[in-house]
Amino acid sequence: MIALLLVLLPLITGVATFFLRKENAAKKLALLSSLATMVISILGLTLFNKTELLQFSADWLPGLGTKFDIRLDGMGQLLCLLTAISFPLIFISTWQRTYKNAHNFFALMLLAQAGLMGVFLAMDALVFYFFWELALIPVYFLCSMWGGEKRIAATFKFFIYTFAGSVLMLVALIYLQTQTVDHSFSINSFYQLEIKNDIQNWLFVLMFIAFAIKMPLFPFHTWQPDLYEQSPTSTTMVLSGIMVKMGLFGVIRWLLPTLPSASFAYGETTVAVLAVIGMLYASLLAMRQNDMKRLIAYSSIAHIGLMVIAIFAETQLAMQGVMIQLFSHGINIIGLWIIVEWIERKYGTTKFSELGGLAQKAPVMSILFVVIALANISLPLTNGFVGEFLMFSGIFTSKIFTYQIVITAAAGVCIILSAVYMLRMVQKIIYGNTSAITANATDIGFNEKFALSIIALLILAVGLFPQPILDLTQTTATQILNEANILHLLKK
Amino acid sequence: MKEFLLVILVAPFVGFLINGLFRNVLSKKIIAFNACGQILISFLFSLVVFSTILESGGAIFEYYNFIKVGSFQIPFALQIDQLSSIFLLIITGVGFLIHVYSASYMKEESSAHFGRYFSYLNLFIFFMLLLVLGANFVIMFIGWEGVGLCSYLLIGYWFKNTEYNYAARKAFVMNRIGDLGFLIAIFWLIAKLDTTSFSIIFSNESLAKLSTLDITAITLLLFVGATGKSAQIPLYTWLPDAMAGPTPVSALIHAATMVTAGVYLVARCNVLYSLAPITQTIIVCIGLATAILAATIALKQNDIKKILAYSTVSQLGFMFFALGLGAYTAAVFHVITHAFFKALLFLGSGSVIHAMGGEQDIRKMGGLSKKLKITYWTFFIGCLAIAGIPPFSGFFSKDAILVSAFAKSPALYFMVLLGALLTAFYMFRLLFITFSGSFRGTKEQQQHLHESPAVMTLPLIILAILSLVAGVIGIPDVLLNGGDKLSEFLSPIIFVNNEHQLSHSTEYLLMGLSTILIIGVIVVAWVLFKKYKTTETVGIGKFFENKWYVDELYNKTIVNSINKLAKICNDIIEKSGIDAVVNGVGRLVHYGSRQLRLLQSGQVGNYILVMVLCMVLVFSFQFIFKK
Amino acid sequence: MPIYYYIVLAIVLFCIGIVGVLVRRNAIIVFMCIELMLNAVNLLMVAFSKMHHLKNAAINASAGSDGQLFVFFIMVVAAAEVSVGLAIIVMLFRNTHSVDINFLNRLKH
């Protein structure tokens with residue numbers, strides 16, 4: 001019931017918003033809907049033991065062996081909560097921005113939310129694929145219609161990129177369906193599959209490319225900085241805060257347990273190597289950027305890289321670290337984008353060279369900015385630390401990797417580099433003397449203050465008391481690791 | 001006890017919250033009162049805790065489960081024992097004095113910035129307490145990174161100055177390099193022992209599970225963390241730059257407390273280090289090298305705070321030298337005495353800078369002893385203490401280090417004695433140039449000269465008394481039987497190696513030798529610098545003055561190469577590499593379709609021709625390759 | 001007469017038709033060439049049907065008659081096609097004052 005509501009509410013209100021001609025009404029409906037979704041999601045958390053309330057199942061296309069089967073498990077709860085918290089924050093913090101054809105804009109945003117929820121809830125491969133695409137399409141329109149000057153090229157690149165990946169994934173999913181005993185797309189049938197190693201390897205490549213593009217993993221990342229720069233900021237928040245998590249989520253839920261031996265075969269040799277290279281590479285690039293948007297985009301690539309390695313480390317520590325980091329990273333990066341959005345709206349630029357000295361003019365913004373930046377470089381007592389600490393210890397203690405020390409050290413260098421580039425950004429934006437543009441700056445308004453304070457509170461709360469989230473994801477992590485346990489399979 | 005520890009920890013945090021959130025509302029008086037008051041509460045409770053420890057020994061308290069994943073858990077637990085109680089007293093005690101001093105030193109700041117300053121300072125005390133109270137490596141690491149953050153915030157306190165910001169960032173990044181070592185050591189322990197708690201790791205059954213390689217690697221990695229925080233070679237260059245912060249900050253963070261965290265870490269893990277001779281050798285080498293290198297640089301510096309900064313680096317080198325020798329008690333002893341006299345010297349220099357209206361160049365000072373009586377005398381006591389003249393505290397702690405060096409090898413003894421002589425020389429150079437001779441500043445500055453108010457001089461006097469008497473806790477057995485109270489107190493935690501006992505006559509000889517030599521050096525300094533005139537330095541002096549060109553070396557090799565690599569990645573690999581390939585695929589499809597479009601000429605004849613040709617082709621194929 | 005003669009004749013006719021279609025630009029001649037090809041096929045049909053009948057008359061009296069039948073169909077269709085085609089050509093001539101098929105590439109644009 002809860003699960004169905006999480007998808008249906010944004011879907012219905014989204015469609016309804018298309019017919020509202022007034023901008024203000026559309027805005028309000030969108031905010032209301034997202035708030036209601038958030039309440040439902042939080043309600044879902046309190047009902048954790050009553051599983052019958054958290055799932056929904058109906059016939060969909062029985063001929064294809066697929067059912068409309070959605071369920072909230074621990075990881076799904078967490079990511080749905082992330083989605084549900086993010087949207088109100090996004091709407092509140094961008095309240096002052098006006099869009100032409102606003103009703104379409106907000107309708108598409110809500111549809112994207114519905115798609116994202118569906119992805120995190122789906123327990124059937126075809127339903128998963130359906131929502132995967134459903135989330136992509138509104139974002140495509142949002143970027144191509146309300147984006148910056150070079151939006152068409154950037155969006156086109158993004159669309160072709162992700163679509164190519166999705167099609168490959170579809171091929172793999174269909175093949176997997178034909179191999180199941182009961183010819184169904186259901187997740188349980190997928191988990192029970194036992195496929196020959198060489199075929200697993202092929203399927204792994206097909207599916208992993210789709211997920212790697214979405215994350216994005218080096219070298220499939222080039223769509224990201226362009227798109228983040230060109231899309232309207234609220235869409236960028238959805239993209240970077242939630243959508244890139246879809247790739248990681250897909251790997252955890254669909255790839256690792258379904259194709260365990262291929263995950264083991266490629267985990268260290270290919271994926272971890274690519275991820276480490278990507279982390280170092282993205283960190284280096286982030287150091288060179290002179291624009292907040294691009295810097296944040298590259299820093300996100302570096303962070304995602306670590307999560308990918310941690311997933312393939314296949315330890316309880318790392319897996320729960322990834323799950324908590326999926327949530328934390330989403331929150332943190334949305335916080336950063338809120339600040340970018342405010343700066344861009346106020347000063348019309350996000351270039352370092354034209355900004356500076358905001359600590360004198362906007363102290364509240366500066367404090368919150370520093371808090372979020374510190375969370376992003378995973379300082380202890382912030383949420384970033386918990387996730388990264390668990391992931392690193394998981395990677396280091398992994399029984400699957402042979403070179404875990406090298407991987408940890410190389411990835412650890414990125415922690416140092418992340419301090420370099422994030423503090424450089426902080427320094428260029430808020431410290432030093434004011435520039436011509438920021439000379440008459442004022443502090444952030446109530447909306448931004450509210451949204452950023454919530455984010456800062458979440459950062460500190462998760463940083464101090466991460467245990468509730470860890471408890472939430474424990475069962476899912478254990479289950480997935482059991483399914484994916486290659487050592488266990490080899491024994492059999 | 002459990003609640004007391006919590007109060008000690010939380011009081012500064014409450015102070016941080018109040019001052020941080022309401023800094024625009026509260027008056028400066030309330031802010032200062034709040035900040036100092038919270039530290040005083042901590043200090044008083046620390047005294048209570050300390051007295052309990054004296055009677056009943058240490059204890060561990062768990063508050064809540066910070067992280068629990070499967071069988072692995074990190075409780076939020078605090079550990080109070082002999083070692084941490086000593087640090088507790090130093091941090092809260094010296095911290096309180098410096099807070100009081102700051103209230104006057106920073107009074108010209110606007111109320112909002114005043115509040116910001118004190119909130120950072122309180123936050124620092126909070127993290128520092130967390131560092132020494134943590135009962136496992138993770139809680140310690142939280143404090144460890146937290147103090148780094150506060151150091152960053154306070155170095156860059158005057159954030160309009162771009163150079164200060166760079167100094168702050170440098171400090172943070174260099175600390176992070178060390179922290180990575182610390183982190184990997186923690187991961188290593190988790191991998192081997194599945195725990196981070198001190199009490200479990202240092203137990204015999206855990207140690208039995210670790211191979212020699214493990215112990216060597218873990219201790220080395222922890223030491224990397226310590227080099228970052230405690231400014232040892234190769235990560236020491238941030239500390240002199242950190243003098244960009246307000247002077248009380250330098251006294252508190254960059255002299256008395258935070259930089260000794262590395263010493264605390266090694267002393268805390270002394271069980272591990274005693275099992276890793278390779279690491280110990282490395283620590284001895286690095287400690288000694290840092291002590292001498294920093295001392296030579298300090299010889300030629302002209303900025304009063306830079307001299308003290310290099311002096312701090314050098315003294316930290318002594319401490320690590322002692323740690324490497326296995327003389328953990330001597331190192332902790334030196335931490336205690338150093339906290340007093342270095343805080344005193346920094347606060348004294350703050351008083352001088354205050355009187356000089358912000359001037360920090362000692363070449364422009366001189367003859368200040370007449371105007372700044374209290375500052376002069378307290379500074380003088382500080383210099384005597386750091387130089388190691390009996391009966392000042394520095395004598396005893398330095399002697400402990402020297403004796404343990406001699407017990408190891410006379411060669412080490414003479415090298416470290418050289419470091420001690422250099423210390424005496426540069427400190428008295430500083431003292432004489434600043435306070436003797438005639439005034440060399442501007443007229444305006446001369447008029448402005450005044451003794452600091454009582455709020456500032458009172459901490460100086462208290463610290464001077466402490467510098468004078470703190471030695472009593474560790475009087476060596478030769479002078480007073482059973483005088484070495486500190487070793488006795490720390491014996492439950494710190495493993496004492498009694499193999500190399502020196503005969504009493506040797507010890508007397510060593511004490512006499514070092515004292516005579518140091519007095520000789522002071523006399524030389526007096527002759528050279530009592531009437532100081534600015535002269536151009538040449539030769540090796542130039543080399544020292546430019547800090548052995550280490551900063552330049554780091555910039556040229558590491559920073560530049562990373563920047564170049566980043567530039568290559570950005571300009572070449574990203575733009576004309578990966579992105580070009582991606583766009584190239586798109587362009588290829590585009591180009592191909594454009595070429596294929598030409599086939600659609602619209603001439604029906606062409607189509608038919610192609611059709612016929614293809615048919616002929618198909619038929620002939622079938623004809624030729626008939627089965 | 002052996003069947004080869006008919007086959008060769010039909011191929012020759014068909015090839016003349018193809019070459020005519022490809023080479024000539026006058027729509028009417030192209031049209032006639034198409035008719036030629038159709039009739040080449042018709043000729044083959046009739047020839048083969050006759051051949052089948054001769055071979056299988058003992059078993060089946062109506063063997064091969066479907067070939068003849070199809071020829072009638074084709075002739076009917078061809079007649080209809082000719083009428084439509086000629087109508088198009090007339091319209092073409094009215095509009096362009098020419099029956100040159102090279103003008104017929106407007107759909108390209």
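**View 1. The salt bridge between A:Lys157 and B:Asp579**. In this predicted model, A:Lys157 and B:Asp579 bring their closest N and O atoms to 2.7 Å. A salt bridge here is a side-chain nitrogen of Lys or Arg within 4 Å of a carboxyl oxygen of Asp or Glu, and the rule finds 1 across the interface of chain A and chain B.

**View 2. Where chain A meets chain B**. Here 60 residues of chain A are in contact (heavy atoms within 4.5 Å) with 50 residues of chain B. Together the chains bury about 4800 Å², 73% of it on carbon and sulfur atoms; buried area is the accessible area (1.4 Å probe) lost on being put together, summed over both parts. On the chain A side, A:Arg288, A:Phe389 and A:Gln427 lose the most area, together 13% of what that side buries.

**View 3. The aromatic pair A:Phe128 and A:Trp254**. Say hello to a tilted pair, 5.2 Å centre to centre with 35 degrees between the planes. Rings of Phe, Tyr and Trp (its six-membered ring) pair if their centres lie within 6.5 Å; planes under 30 degrees apart are stacked, over 60 edge-to-face, the rest tilted. A:Phe128 is buried at 1% relative accessibility, and A:Trp254 is also buried at 1%; buried means under 20%, exposed over 50%, partly exposed in between (1.4 Å probe, protein chains only).

**Notes for all views.** Residues are numbered from 1 along each chain as its sequence is written, and chains are lettered from A and ligands numbered from 1 in the order written. Local features need pLDDT of at least 70, side-chain atom pairs count only at pLDDT 80 or more, and totals for chains, interfaces and linings use all residues, while side-chain values use heavy atoms, leaving out hydrogens and water.

Technical notes. Buried area is the accessible area (1.4 Å probe) that two parts lose on being put together, summed over both.
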